[in-house]
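Open the model in your viewer and keep the sequence panel beside it. The stops below say what to select next and what is to be found there.

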Amino acid sequence: MAELLRKPHVMHKARNELVEIIGTKQSVKESDVDRLPYLQAVVKETLRLHPAAPLLLPYKAQNEVEVCGFTIPKDSKVFVNGWAIGRDERYWEDPFSFLPERFLGSKLDFRGQDFEYIPFGAGRRICTGLPLAVRMVHLMLASLIHSFNWKLPIGTNPHDIDMTEQFGVTLKKAIPVHAIPVVEE
Ligand code: HEM
C-alpha cells in the first residue's frame, strides 16, 4: 500500500485493472486473481523490495561444503540475505525502483526456482505457508484498492512517505503509513 500511495500512477493502473475485470458492483474473489496480471506484478515487486523475512531462516552446515569458491565449515550458521539478493544490480535493472512492469510477461516466480528472487526461500525449507500467503496477500490488496480510493492526509506529498525499514526476523515499515479510504458512489 505504501509503494502504491507513493506511486499514484501504479495505484491507478492496479485499480483500473480491477474495475475493468471485476466491475464496480461485486467484490473481488480469490478466483479472480488469475485474471489480474498487473496486481500479481505489484505483489511480486513488493516482495522483491520488501521481503517479509529478509534473512530467510538460519541454516547450519551439516558438513563442510564448497559454495562458489567459498568453504563453509561444518556446523557454521548460514544466513541467506534474500533482501540484498532482491536489490542486487547484477540481477535487477534499476534495482531500487518500484517497477511492477518488470514482472509483466516474465516467467520469474517466487516458488524457489529462480535464485535471484527468493522471498519465500527455496529448497527443502521453503515457506510452507506460501500457498496460503499468496492467496491472502493478493485478495487483501485487491480488496483494499478495489473497495476504496485511497488518499493521503491533506498536505502529505506521495514523496514524503517514509519508507525506512525496521530490520528483524520479519521486516517492518518503521513508520506506519497513514492513508484515508474514500468510498466513491
Ligand atoms: C507473504 C507472506 C510470507 C512470506 C514472504 C514468507 C516467507 C518465508 C521465508 C523466507 C521462510 C524461510 C524459508 C527458507 O529459509 O528457505 C519462511 C518459512 C516458513 N514460513 Fe513463511 N512466509 C510468509 C507467510 C507464511 C504463512 C502465512 C505461513 C503459515 C500459515 C508461513 C509459514 C512458514 C513456516 C512454517 C516456515 C518454516 C518452514 C521450514 O523451516 O520448513 N509463512 N517463510
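**Overall layout**

Begin with the protein chain shown as a cartoon, where there are five helices and eight strands, helices being DSSP runs of H or I with at least four residues and strands runs of E with at least two, numbered from the N terminus. Followed along the sequence, the elements come in the pattern α-α-α-β-β-β-β-α-α-β-β-β-β. The C-alpha atoms fill a box of roughly 65 × 35 × 25 Å along the principal axes. This is a predicted model, in which local features need pLDDT of at least 70 and side-chain atom pairs count only at pLDDT 80 or more, while totals for chains, interfaces and linings use all residues. Residues are numbered from 1 along each chain as its sequence is written, and side-chain values use heavy atoms, with hydrogens and water left out.

**The nonpolar core**

Of the 185 residues of the protein chain, 35% count as buried, where buried means under 20% relative accessible area, exposed over 50% and partly exposed in between, with a 1.4 Å probe and protein chains only. Next select L4, L18, V42, F110, Y117, L141 and I145, which touch the most other members of the largest nonpolar core, a set of 34 residues. Such a core is made of buried Ala, Val, Leu, Ile, Met, Phe, Trp, Tyr and Cys residues joined through side-chain atoms within 4.5 Å. Helices α1, α2 (8–22), α3 and α5 each supply at least two residues of this core, and α3 gives the most, with seven residues.

**The iron atom and C127**

Now move to C127, in the loop between α4 (82–85) and α5. The iron atom of the ligand has a single donor from the protein, C127 (SG), 2.3 Å away; donors are N, O and S atoms within 2.8 Å of the metal (3.2 Å for Na, K and Ca), and sites may look incomplete because water is not among the atoms. An unreviewed UniProt entry places the feature "binding site" at C127, although such annotations may be inferred rather than shown by experiment. C127 counts as partly exposed because its relative accessibility is 32%.

**Strand β5**

Finally, select K151, which lies in strand β5 (residues 149–151). Is K151 buried or partly exposed? With a relative accessible area of 41%, K151 is partly exposed.
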